[in-house]
Amino acid sequence: MVTQLLSEVTSPVQIKRSNRQIAIIPFETYDLSEFRDSLDAASIIFDLEPNFSSDAFITSDFSEAETQRKQRDAVRVIQAASTILKASDENPKYALVVTKQDIFATRFNFVFGLANHSLGVGLISTARLTEWHDGISPAQMKERVLKEAAHEIGHLGGLVHCEKETCLMAFSETIEKVDKKLPMLCEDCRRKLKTSGR
Ligand SMILES: [Zn+2]
Ligand SMILES: [Zn+2]
């Protein structure tokens with residue numbers, strides 16, 4: 001009887017996690033409070049509830065290419081994040097990793113972000129989004145982070161690139177293209193999102 005009670009007390013509480021949550025996690029040491037509003041807004045566009053963990057972070061060891069290039073490999077970071085998250089208690093359906101380190105991906109010298117739809121993990125780098133040139137204001141930097149975070153979350157939700165240059169899902173290989181985007185989905189993408197049945 002006593003054993004029975006004890007096991008009841010100590011057994012892990014089953015918390016039903018909502019599929020509408022997205023974990024927002026820093027890569028290594030990065031205080032995300034500066035961009036909290038941007039990351040909140042990016043999640044809300046997709047009707048997701050951002051979940052900022054206070055102490056969790058993602059890390060991965062350096063590959064030879066990463067050491068040479070002084071950049072992180074977005075594909076490796078996403079893989080590492082997926083492995084870490086799968087092993088964690090929370091194992092969220094969606095996660096967005098945020099790094100201040102510059103990232104590259106396969107055939108691109110650099111990217112602002114990358115997402116793996118099947119793993120449910122996206123990554124953005126604020127390195128180039130926060131570069132201070134042409135008198136860019138902190139508000140503009142925050143908007144860039146919002147847009148690129150939302151873009152990667154859009155991929156997690158099953159959206160692909162959009163031809164409309166003002167749409168969040170437009171592919172941006174330059175900062176000018178990021179700045180051209182509006183912080184919203186075009187009507188086509190909004191419709192696709194509704195029917196993608198996440
Ligand atoms: Zn994209
Ligand atoms: Zn679109």
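This is a predicted model: local features need pLDDT of at least 70, side-chain atom pairs count only at pLDDT 80 or more; totals for chains, interfaces and linings use all residues.
Now look at how β5 meets β6. Strand β5 covers residues 103-105, and two bridges tie it to β6, with the two strands running antiparallel. If you want to spot one pairing yourself, find A105: its bridge partner in β6 is F108.

## Helix α5

Next up is helix α5, which spans residues 138-156 and has 19 residues. From its first C-alpha to its last it reaches 27 Å, close to the 27 Å expected at 1.5 Å a residue. After α5 comes G158, and its phi is positive, near 100°.

## Where two helices cross

A pair of packed helices can be described by the angle and the distance between their axes. Here, helix α2 (residues 36-45) and α5 have axes that come within 8 Å and cross at roughly 35°. That crossing is right-handed.

Which residues of α2 and α5 make the contact? On the α2 side they are D37, S38, L39, A41, A42, S43 and I45, while α5 brings K142, V145, L146, A149, A150 and I153. Sorted by type, the residues of this contact are nine nonpolar, two polar and two charged.

## The whole protein

Stepping back, the protein has seven helices and eight strands. Of its 198 residues, 33% are buried. Take the contacts between residues at least 6 apart in sequence: 65% of them join residues at least 24 apart.

Note on methods
Residues are numbered from 1 along each chain as its sequence is written. Chains are lettered from A and ligands numbered from 1 in the order in which they are written. Helices (H or I, at least four residues) and strands (E, at least two) are DSSP runs, numbered from the N terminus. A residue is buried if 20 or more other C-beta atoms lie within 10 Å of its own, exposed if 12 or fewer, and partly exposed in between; C-beta atoms are placed from the backbone. Two residues are in contact if their C-beta atoms, placed from the backbone, lie within 7 Å. Two strands pair if DSSP finds at least two bridges between them. The expected span of a helix is 1.5 Å times one less than its number of residues. Axes are lines fitted to C-alpha atoms, for helices over the stretch in contact, and angles run from 0 to 180 degrees between N-to-C directions. A crossing is left-handed if the near helix is turned anticlockwise from the far one by less than a right angle, and right-handed if clockwise. Ala, Val, Leu, Ile, Met, Phe, Trp, Tyr, Cys and Pro count as nonpolar, Asp, Glu, Lys and Arg as charged, and the others, Gly among them, as polar.
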